[in-house]
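Me: I have a new structure to read. Can you walk me through it, feature by feature?

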Amino acid sequence: MKTNHLNAEKTGLAHADGKPGYILWGTVNAKGYIMTGISKEIEYYKTNFLNHPLFNYLNDDALSLDERLRFLPYISHFVMSFADINKYILPFATPANALERAVNTHAREDAEHWPWFLNDLQTSGQNSAASLTEHLSFLWSDNLINSRKLTYHLIQTLHNQSAKMRLIVIEVMEATGNATFDTLASITKGTDKQLEYCGHLHLSHETGHSMGSEDEIVDTLNLTEEERNKASQMIVECFNAFHRFFDEIFENVSPEHSRSIK
Ligand SMILES: [Fe+2]
């Protein structure tokens, strides 16, 4: 087994931190497939994602828990759309092998987390009464553009892809989810509010990896060099879409950027 650095030159794709190019390396097996490196690559972007200013906001002890949970309405569209991605986009209608079954097992679990979000909107006092037209205007407002674009980006990336590629996108979604729910579980620990989406319940259902498979299944996938290149492009583009989503949430909730919901 030898370790290769593959196509590490600049790609024109931008890191969310402004650096061009992406990390791309793996181990080539006897058949010429690239076996490892994806989990490390995703871990690199997860570490970068954790530096987003929204995490500083969420971890700021000077703010009350209510203030820190003000972001919840701004993720409404994405949370509900994410359930649909897991119900209608990710699964294979007739799974034909272990990888396709792993995708379906994972999707089935993540499709059912949205009721916890509705609970937390209620529990955190953010279930304000408004007309249907007011709710629709908010959900499709300019304040939530990046959240909607994230959904559409994930659908476009996943549509008609192989189980291997879907598992890699799942791993990116798990990395951003784990970063978020780990933070939320830590700041809501000890509260007497009955939080589910932002509490330990949700984190306990998020392994940080694709379910229905062993950890870091992405490192065991047999990928051609073309697939490996495509995987890296998908990883950086998905992380960038999540960064833009978090930029938007931060602009909506942070005091210096606070906007009116309407
Ligand atoms: Fe979840």
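This is a predicted model: local features need pLDDT of at least 70, side-chain atom pairs count only at pLDDT 80 or more; totals for chains, interfaces and linings use all residues.

Me: Which elements does the protein chain have, and in what order do they run from the N terminus?

Reply: The protein chain has eleven helices and two strands. From the N terminus, the order is β-β-α-α-α-α-α-α-α-α-α-α-α.

Me: What share of the residues counts as buried?

Reply: The protein chain has 262 residues, and 34% of them count as buried.

Me: How do I read contacts along the chain?

Reply: Look at how far apart the partners sit in sequence. Take contacts in the protein chain between residues at least 6 apart: 76% of these join residues at least 24 apart.

Me: Is Leu-54 buried or exposed?

Reply: Count the C-beta atoms around the residue. The cut-off for buried is 20 or more others within 10 Å. Leu-54 has 21, so Leu-54 is buried.

Me: Where is Asp-61 placed, and is Asp-61 buried or exposed?

Reply: Asp-61 sits in the loop between helix 2 (53-58) and helix 3 (65-68). Asp-61 counts as exposed because it has 7 C-beta neighbours inside 10 Å.

Me: How do I read a pair of packed helices?

Reply: Check the angle, the distance and the handedness. Then list the residues that meet. Begin with helix 9 (residues 163-188) and helix 11 (residues 225-253): they pack at about 30°, with axes 10 Å apart. Angles under 35 degrees count as roughly parallel. Helix 9 and helix 11 are therefore roughly parallel to each other. Their crossing is right-handed.

Me: Which residues meet between helix 9 and helix 11?

Reply: From helix 9, the list includes Met-165, Ile-168, Val-169 and Val-172; from helix 11, it includes Ala-231, Met-234, Ile-235 and Phe-239. By class, this contact has ten nonpolar, one polar and two charged residues.

Me: Why might members of such a list be spaced as they are along a helix?

Reply: An α-helix has 3.6 residues a turn, so residues three or four places apart point the same way. In helix 9, Met-165, Ile-168 and Val-172 are among those that meet helix 11.

Me: What is the reach of helix 9?

Reply: Helix 9 has 26 residues and spans 35 Å from first C-alpha to last. That is close to the 38 Å expected at 1.5 Å a residue.

Me: What should I look for in phi?

Reply: Most residues other than glycine have a negative phi. Asn-160 is not a glycine, yet has a positive phi of about 60°. Asn-160 lies in the loop between helix 8 (145-158) and helix 9. With 7 C-beta neighbours inside 10 Å, Asn-160 counts as exposed.

Me: Which residue with a positive phi follows helix 9?

Reply: That is Gly-190, with phi near 90°.

Terms used
Residues are numbered from 1 along each chain as its sequence is written. Helices (H or I, at least four residues) and strands (E, at least two) are DSSP runs, numbered from the N terminus. A residue is buried if 20 or more other C-beta atoms lie within 10 Å of its own, exposed if 12 or fewer, and partly exposed in between; C-beta atoms are placed from the backbone. Two residues are in contact if their C-beta atoms, placed from the backbone, lie within 7 Å. Axes are lines fitted to C-alpha atoms, for helices over the stretch in contact, and angles run from 0 to 180 degrees between N-to-C directions. Angles under 35 degrees count as roughly parallel, over 145 as roughly antiparallel, 65 to 115 as roughly perpendicular and the rest as oblique. A crossing is left-handed if the near helix is turned anticlockwise from the far one by less than a right angle, and right-handed if clockwise. Ala, Val, Leu, Ile, Met, Phe, Trp, Tyr, Cys and Pro count as nonpolar, Asp, Glu, Lys and Arg as charged, and the others, Gly among them, as polar. The expected span of a helix is 1.5 Å times one less than its number of residues.
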